[in-house]
Amino acid sequence: SKMSQATYNEIHKLSATEAIDKIKNGSITVKDLIKSYIHYIKKIEPRIQAWSYFDEEYALKQADMIDQKLKNYFNNNKTGILAGIPVGVKDTFNTYDMPTEMGSPIWKGYTPGNDARVVFRLRQEDAVLPGKTVTAEFAVHTEGKTFNPHNDYYSPGTSSSGSAAAVASYMVPLALGTQTGGSTIRPASYNGVYGMKPSFGLIPRTGMLKTTDTLDTVGFFSRTVDDLRLMFETLRVRGWNYPFVEKYLENKKRQTKTKSPWKVAFVETHVWKYAKDYVKNSITEFAEELSKDENINLEEIDLTNELKDVHKIHTLIYDKTLSYYFNKEYSEHMAQLSPILRDIIARGNKITLQQYKDALEKQNQISEDVGKFFNNYDIILINSTSDHAPKKGITEDPDTCLIWTFCGLPTINIPVFKAENNMPFGAQIVSRKSND
């Protein structure tokens, strides 16, 4: 296509939604788009290090195939929803044609020979998959090599760090992440992008690293709200064989806010005390600003008592299941595990089956109670993280992210704040389960 060099250099800055429009109306080709990304990635990746695997030739080959499909578009060869958009895939999802190493030297060079269900969906909808993004070791706590695009001294967050940094630095408009505690919302906050952790069970987990059965959730990153919606609609399950999803998600009354005003709960919990003063001030001012809107009814609610045990119960469930799923790595490759993971597994090995079952029972009970809370409110508003990104290698302070994971609720990081040193951090909005 006849693009000027200037336009060519800038098209990687388009949102996915904007790029799809341009591809479908013929003003750019998928190959133009992918070339622009590759050109830019080569320049910036040495500084950010967001990719654990990147295949330029393969990305261009995929682009050619999709362009071919678009040419035949009028011969009823329908193109997918994503029509050539590059998507970063966190290296905890299986890919049949690329290594899946899960951030661990133990699995170096491992190729599973199949696609995770969500990766299959992305391919079905004509996304281009240029490579795999860096993850913490087994998506737990040990930081990968990635740097925060806003400042090299700071961490991009741990588990889904590569995906969040790749989106924040314009290397891709969309990327897959996961969340078991705060692994999508936290990196989104630290990197200044949108991140969404949908309701538990709405996105299939087949063919991906499993750490904790009742907590692992597939999430994703983008730079716009429209792109979040695009990713959500691409990946979520649908149809009559998902009766629960069909009942709630396809219910227009439930998903569309018709009655005004919005009922917003500005919530305080047991981890509010960890939030830095500037974070508390920012989110409080943001809440005050919102409450001036006549379409918004905002109430301050203290849920400290109701939620005070969540972190403790979450840790018990997490440690026990990690000790189960990583038993082989622990017994046969202990020297290649990080000290953090070794400690978690050692703790998990001491937890009895009865303690684990009791914890799951409490998880169900608290989730049910929080569900009832949403009979009176549309959304919860709260800070995403207790601070901006910590320096690399420093552990972050506790925040509320894992509470909403624990309860299976949909939550979104909105990138609205900057600290004095210009580092981003976000506000978090949480809704009732299946009110995505």
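Predicted model: local features only at pLDDT ≥ 70, side-chain atom pairs only at ≥ 80, totals over all residues.
Two strands pair if DSSP finds at least two bridges between them.

An open sheet of eleven strands carries mixed pairing. Its order is β1-β3-β2-β4-β6-β5-β10-β11-β9-β7-β8. The edge strands are β1 (51-54) and β8 (296-302), each of which pairs on one side only. From one strand to the next, the twist averages 25°.

|---|---|---|---|

## Strand β5

Strand β5 lies between β6 and β10 in the sheet order.

## Strand β9

How many residues of β9 are buried? Five of the five are, so β9 is largely enclosed by the rest of the structure. Both of its faces are covered. I379, L381 and N383 lie on one side, with I380 and I382 on the other.

In the sheet order, β9 sits between β11 and β7.

## Nonpolar cores

In soluble globular proteins, nonpolar side chains tend to be buried together. Here the largest nonpolar core has 82 residues. Within it, F93, L122, M171 and L176 touch the most other members. Helix α3 (residues 30-48) gives the largest share, nine residues. A second, separate core has 25 residues, including A359, I366, F374 and L409.

## Helices α5 and α8

Two packed helices are described by the angle between their axes and the distance between the axes. Helix α5 (residues 117-124) packs against helix α8 (residues 225-235) at an angle of about 110°. Their axes are 9 Å apart. Angles of 65 to 115 degrees count as roughly perpendicular, and α5 and α8 are therefore roughly perpendicular to each other.

From α5, the contact uses V118, R121 and L122. From α8, it uses M231, T234 and L235. By class, four of these residues are nonpolar, one is polar and one is charged. L122 also belongs to the largest nonpolar core.

T234 lies in helix α8. Is T234 buried or exposed? It is buried, because its relative accessible area is 0% and buried means under 20%. Leaving aside neighbours within four places in sequence, T234 is in contact with I81, L82, R121, L122 and E125. R121 and L122 are also among the α5 residues that make the helix contact.

## Loop residues

F138 is in the loop between β3 (131-133) and α6 (161-168). Phi of F138 is near 50°, a positive value in a residue other than glycine. F138 is buried, at a relative accessible area of 0%.

Y170 is in the loop between α6 and β4 (174-179). Its phi is also positive, near 65°. Y170 counts as partly exposed, at 29% relative accessibility.

K391 is in the loop between β9 and α17 (401-406). K391 is partly exposed, with a relative accessible area of 45%. Which residues does K391 contact, leaving aside its neighbours within four places in sequence? They are Y153, Y154 and S155. K391 and I44 are 347 residues apart along the chain, and their C-alpha atoms are separated by 21 Å.

Technical notes. Residues numbered from 1 in each chain as written. Heavy atoms only, no water. Core = buried A, V, L, I, M, F, W, Y, C linked by side-chain atoms within 4.5 Å. Buried < 20%, exposed > 50% of the residue type's maximum accessible area, 1.4 Å probe, protein only. Helix = DSSP H or I, 4+ residues; strand = E, 2+ residues; numbered from the N terminus. Axes fitted to C-alpha atoms, helices over the stretch in contact; angles between N-to-C directions. Parallel < 35°, antiparallel > 145°, perpendicular 65-115°, else oblique. Contact = heavy atoms within 4.5 Å. Nonpolar A, V, L, I, M, F, W, Y, C, P; charged D, E, K, R; others polar.
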